[in-house]
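Student: I would like to go through this structure with you and learn what the terms rest on. Where do we start?

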Amino acid sequence: MAASAGTAKLKVPVHIVTGFLGSGKTTLIHSLIEQKPVDEKWAILVNEFGQIGIDQAMFDARDDVVIKGLPGGCLCCQLAFVLQAALVNLLARSKPDRVIIEPSGLGHPAGLLDLLRGEAFDKFAEVRDVIATLDPRRLDDPRARQHDTFRDQLDMADAVALTMLDQSTPEQLSAANNFVAQRWPPRKWVQEAPQGELPISLLIQSGHHAAAGAISIPTNHQQLAAAPSLKGSFFDFPPPPGKPQRETGTALGYTSTGLRWHPSDQFDLDQLAAYLAELPREARIKGVFHTNHGWKRLNRMEGTLSVESCVWRQDSRLEIILPDTLNVPHTDLEARMMGLAC
């Protein structure tokens, strides 16, 4: 974003796309990237609750879009230091015209907003309207409606994109609109986003973020902030063939289990999809796999699995996030997965 001689450099617009686990944040950002103005360069910072990092592999490489994954914790607390370093590096090296930050589905926006408004970025970045994604089906679950982070994500948002419309009933969509209408102050806009598609004008023409009241970071996030993580990068080298690498993490009432395989390990796609379908409906599942039908991205939300081709070739990865209340053991996960190898 070049500035003319004698004028101050414009602040880089920073957009936050928040929303609970499996609410379609990444899909919505994909839609925005496809509509990106040709003369703009974007930087996307993707935070994940899981330890191994999947979401960066969900984006195809482009010269005009820089993707940075920050796995292994929550941006608002555990990874605040990592985020600050990553964002400073991105602004200095890539010089993007626009930045989009996707916090973890369990991330609380308060700490992230405090960081972006702090002295480190006040002169260089401008926080625009915070967009929250909402899957109408989630409101059927009383545990979600009562979850502090779920409610705060919506309460701190300037605008709401209603996602997963093809899997929601008219009654669920109406309930979601009513739920958002009860938030105060009123959202600037509530937009249906079929297939995750959101008009680019809502991003480009967005205004300054207006804080929706004094919402502080919940106690459970504050406890995590007391022990910050220095994780937040992909592993440089894959594990040996036939010997998957396992990473686990537990926080905020959820447990993530992640596995990585050497790129030469190949999986039977039909058997893989069938096995993932056996896991509890509440499981949030993401993966990139070398299969007998080529490299595929797998994404399962609320029990619905999608499969698409991808250009990722670094390794195969799987992440499963489950609420601790289910207490589902994964002691045989590696063995079951290797049984699906071709």
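Tutor: Start with the word contact, which means heavy atoms within 4.5 Å. Valine 99 touches Val12, Pro13, Val14, His15, Ala43, Leu87 and Leu91, leaving aside residues up to four places away in sequence. The model is a predicted one.

Student: What makes a set of residues a nonpolar core?

Tutor: Its members are buried residues of the listed nonpolar kinds, joined through side-chain atoms within 4.5 Å. The largest such core here has 42 residues, and Leu45, Val99, Leu116 and Leu134 have the most contacts inside it. Helix α2, residues 80-93, gives the most to this core, with 6 residues. Another core of 24 residues lies apart from it, with Trp42, Ile52, Met58 and Ala161 among its members. In soluble globular proteins, nonpolar side chains tend to be buried together.

Student: Why is α5 called mostly covered?

Tutor: Buried means under 20% relative accessible area. In α5, 6 of the 8 residues are buried, so the helix is mostly covered. The buried ones are Thr149, Phe150, Asp152, Gln153, Leu154 and Asp155.

Student: What makes a space a cavity or a pocket?

Tutor: In a cavity a 1.4 Å probe fits but cannot get out, whereas a pocket is an open set of points. The whole structure has 1 cavity of 30 Å³ or more. About 50 Å³ of space lies in the largest cavity.

Student: How do you know which residues line the largest cavity?

Tutor: A lining residue has an atom within 4 Å of a point, so the lining can be listed. For the largest cavity the list is Phe20, Leu21, Ser23, Thr133, Leu134, Asp135, Arg138, Phe150, Gln153 and Leu154. The most comes from α5, with 3 residues. By class, this lining has 5 nonpolar, 3 polar and 2 charged residues.

Student: What is known of the largest pocket, and which element gives the most to its lining?

Tutor: The volume of the largest pocket is about 790 Å³. It is lined by 40 residues, and Thr26, Thr27, His30, Asn299 and Glu308 are the closest to its centre. Helix α1 gives the most to this lining, with 6 residues. Elements that supply at least two residues each include β3 (65-70) and β11 (284-291). The lining divides into 12 nonpolar, 16 polar and 12 charged residues.

Student: And what surrounds the second largest pocket?

Tutor: The second largest pocket has a volume of about 480 Å³. Of its 26 lining residues, Arg138, Asp141, Arg143, Tyr254 and Glu282 are the closest to its centre. β14 supplies the largest share of this lining, 3 residues. The classes are 10 nonpolar, 5 polar and 11 charged.

Methods: Residues are numbered from 1 along each chain as its sequence is written. This is a predicted model: local features need pLDDT of at least 70, side-chain atom pairs count only at pLDDT 80 or more; totals for chains, interfaces and linings use all residues. Side-chain values use heavy atoms; hydrogens and water are left out. Buried means under 20% relative accessible area, exposed over 50%, partly exposed in between (1.4 Å probe, protein chains only). Helices (H or I, at least four residues) and strands (E, at least two) are DSSP runs, numbered from the N terminus. On a 1 Å grid over the protein atoms alone, a cavity is a set of points where a 1.4 Å probe fits but cannot get out, and a pocket is an open set with protein on both sides within 12 Å along at least five of seven lines; lining residues have an atom within 4 Å of a point. Grid points are joined across faces, edges and corners, and a volume is the space filled by probe spheres set on the points. Ala, Val, Leu, Ile, Met, Phe, Trp, Tyr, Cys and Pro count as nonpolar, Asp, Glu, Lys and Arg as charged, and the others, Gly among them, as polar.
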